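My notes follow, entry by entry.

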Amino acid sequence: MEAEAVEVFSVRVWQAGQASVFVLRGELDHESAVQLQEAADRVLTGERGPDVVVIDCAGLDFCDSSGINCLVRMYQRLSAHGGALRMAAMPAPVTRVFTLTGLDQAIPVYATVPEALAPAAGGVRRSRGEEAPSSLRSVSGR
């Protein structure tokens, strides 16, 4: 009898106009945060990256500090260029981590991906030169 391989984490990215949606499945921990960072580097690099990145957390079972740090780096990178990071469909355990770290004060959370993609979800874009909230600057040591 062969052991069945189990996928612990996956990230899939799709485009929705000027937005990119990262669909996360499984556990976002030290090892999988590297996968997410690599995907973010591919999407956010280049002359014209997305204006908005939505992280679809519906399939996310767990998120540790490595995952949080990866999300903070994405937030900082987008904010530096006037973009926005938005979270969607966060399950209760992930919402708890997000709230405990205070990220819910800086990164908006929406019930669904369509709500996060809606133009009315705006109010998130900052002008160039406007700094990220101090809580996010201190996480990265900046």
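**Strand S4 and its neighbours**

I looked up S3 and S4 first: strand S3 (residues 52-63) and strand S4 (residues 84-88) pair in the parallel sense over five bridges. Pairing here needs at least two bridges found by DSSP. Strands (E, at least two residues) and helices (H or I, at least four) are DSSP runs, numbered from the N terminus.

This is a predicted model, where local features need pLDDT of at least 70, side-chain atom pairs count only at pLDDT 80 or more, and totals for chains, interfaces and linings use all residues. Residues are numbered from 1 along each chain as its sequence is written, and side-chain values use heavy atoms, leaving out hydrogens and water.

Val-52 faces Ala-84, and Val-54 stands opposite Arg-86.

Next I looked at burial (under 20% relative accessible area, 1.4 Å probe, protein chains only). Five of the five residues in S4 are buried. Ala-84, Arg-86 and Ala-88 point one way, while Leu-85 and Met-87 point the other way.

I then moved to S5. S4 pairs with S5 in the parallel sense over two bridges. Ala-88 stands opposite Tyr-110 in S5.

S3, helix H2 (residues 65-80) and S4 make a right-handed β-α-β unit. Right-handed means that, with the strands pointing away from the viewer, the path from the first strand over the helix to the second runs clockwise. S4, H3 and S5 also make a right-handed unit of this kind.

Last, I noted the whole sheet. It is open, with five strands in the order S1-S2-S3-S4-S5 and mixed pairing. Strand S1 (9-16) and strand S5 (109-110) are the edges, each pairing on one side only.

Key
Buried < 20%, exposed > 50% of the residue type's maximum accessible area, 1.4 Å probe, protein only.
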